[in-house]
Amino acid sequence: MNTRTSPVSRFISWAILALCVAYLTVPLITQFDYSLRMRRNTLSFDAYSKVLAIPEGSVELRQTTRGVTLKMPRFYSSLAFSVLAGVLTIAFSTLVIVPTTYWVHLRLPRLKPVLEFISVLPFAIPGIVLTLGLLRTYSAPPFALTNTEAGTMLMLVGGYTVFVLPYTFRSIDAGLRAIDIRTLTDAARSLGANWATVIWRVILPNLRVAVISASLITFAVAIGEYALVNFLFPDERSFGSYLAAMGRNKIYEPAALTIISYLLTWGLVLLIQRIARGTSQPSASIR
Amino acid sequence: MQRTIPLSVRRTNWAWLGTAPFFLFALAFMFLPAWTILSGSFRDASGALTLVNLRDVFQEKILAAYSVSIQLSVVTALVGALVGTLLAYAITWGGLPRSVRSAVITFSSVASNAGGIPLAFAFITLLGRTGVMPKFLKTLGLDLYANGFSIYSLTGLIVTYIYFQFPLMVLIMAPAFDGLKREWREAAENLGGTTFDFWRRVGLPILLPSFLGATVLLFGNAFAAYATAEALTGSKVDVITRIISVQIRGDVMYNPNLSYAISLGMMVVLGVSVFLYVLLQQRTARWLR
């Protein structure tokens, strides 16, 4: 693309690229190779089928005192739990970020620096510290949230919303900058829409690229997170806790799980890039 | 006419109401937990004000953990920043094909998100005691583990953290390199400058704030990391986040107020880095974009 680059600098560039690509791929290649070695003296996908297998009778609907529960092999139940946490976090983030940011853009531009400041604060609160703070704030009266399942989930979702706030806020903020919210709002209002309708049916659809790319980051975090979820749900029902437990107890399965979770991350990143491409919005939210 | 006044009053009320969800969320999930930590740092078990917790942070074991975490963060931030900048240069100004660039960006997004437990697994397979690399090097006559190397050590953590540090640097620096205008280089050449002059007098000074800001970000990224260290080294290396996790679990030396003070220390270190980052970011904004 730059025809004037000297051959020397081009050679150096290829060399740097080769070294970096080696650093990034060698651990994955060896891990993939290792994941195929469960059966002696031959390559097989045994580790994967051990992890992914659905033995007969392992899936059942059960009626318990707490309602109907679905029993599944741990890979699926833990992934389902973390995906659920991700979905709830996406809904919750959207609910707390979009209306406020919209309103600040429209009516209170002086508050923009305040929002920006708050949105970088999570960088100063490590996950484990937020975990400690949340647990100690909400495990005792006056707000004993950890006593109930729903309360514990709310803490998890709130915590995840904090973790991804720098990315979700930046993404939605950029999205709002890219559309003419004043005209859209005036048009909708003059047609008789109330504020909830304006946000839900006019602003949100125009922000879908921003919201979707923020959502995918949220998914990546929810699936990989370990500290907060492991302390909130000590019964190890999350995907992160499942991975950690497999790492302690198994030999080949962790290798297969590494590859599977990398594939999940790859899928999410490719989706983000596909969605971000072809729009005027920067994909600034990818870290 | 009478109606205009109440309407405008209602509008102002609405304006503040509209910002409520976000601020309530920030209050409940950031400020209250932070306040618990801040106020708890200055109280003893009975709730009386004290400075004992802050003094106790300066005991050997905790200072050692801070020191390990800071070494780990400084080394991986510097190495990550240098390597990441070189790679960002290679894919923007280095004359590599366009397709290489987008592949590197994609891979970097994956790798910078890839921290945590799976990454630890991959490095244990590669560099663990019976790992692929030590086995291979042994056949060449080099015994890594007999020569003091171990993946379950600070060195091991450094090698592993770099895996997500330099890709993060690439993601920040590639747009910064893009922001350098080709015209500036032509201008430098027209004035008789060499390539070296251009980078020394124009390119690097403009990139410096970005570079420093991103390096600070990398430092914070490593300093706050927990899951990777827990899965890789566990109790063999005490990083500061692990000390806090042990305190939460409430095993040995359980003292909630001390754990608040340790956390406060982390937040102070990271608060300073975020402040520096924002400052440097504003500098950058002047030239780029």
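**Helix packing and chain contacts in a predicted model**

In this predicted model, helix H12 (residues 253–276) of chain A packs against helix H6 (residues 117–127) of chain B at an angle of about 130°, their axes being 9 Å apart; helices (H or I, at least four residues) are DSSP runs numbered from the N terminus, and axes are lines fitted to C-alpha atoms over the stretch in contact, with angles running from 0 to 180 degrees between N-to-C directions. H12(A) and H6(B) are therefore oblique to each other, where angles under 35 degrees count as roughly parallel, over 145 as roughly antiparallel, 65 to 115 as roughly perpendicular and the rest as oblique. The crossing of H12(A) past H6(B) is left-handed, a term for a near helix turned anticlockwise from the far one by less than a right angle, clockwise being right-handed. Pro254(A), Ala255(A), Leu257(A), Thr258(A), Ser261(A) and Tyr262(A) of H12(A) make this contact with Pro118(B), Phe121(B), Ala122(B) and Thr125(B) of H6(B), contact requiring C-beta atoms, placed from the backbone, to lie within 7 Å. By class, seven of these residues are nonpolar, three polar and none charged (Ala, Val, Leu, Ile, Met, Phe, Trp, Tyr, Cys and Pro count as nonpolar, Asp, Glu, Lys and Arg as charged, and the others, Gly among them, as polar).

Residues are numbered from 1 along each chain as its sequence is written, and chains are lettered from A, with ligands numbered from 1, in the order in which they are written. Local features need pLDDT of at least 70 and side-chain atom pairs count only at pLDDT 80 or more, whereas totals for chains, interfaces and linings use all residues.

The contact between the chains takes 72 residues from chain A and 64 residues from chain B. On the side of chain A that touches chain B, the largest share, 15 residues, comes from helix H1 (residues 7–35) of chain A, and the residues of that side divide into 47 nonpolar, 21 polar and four charged.

Within chain A, the axes of helix H6 (residues 149–178) and helix H9 (residues 208–224) come within 9 Å and cross at roughly 160°. H6(A) and H9(A) are therefore roughly antiparallel to each other, and H6(A) passes H9(A) in a right-handed crossing. Among the residues making this contact are Tyr160(A) and Phe163(A) of H6(A) and Val209(A) and Ile217(A) of H9(A); the contact comprises 13 nonpolar, five polar and no charged residues.

The mean pLDDT of chain A is 87, with 94% of its residues reaching 70 or more, pLDDT being the predictor's confidence in each residue, from 0 to 100. Over residues 280–287 of chain A the pLDDT is below 50.

Technical notes. Contact = placed C-beta atoms within 7 Å. Helix = DSSP H or I, 4+ residues; strand = E, 2+ residues; numbered from the N terminus.
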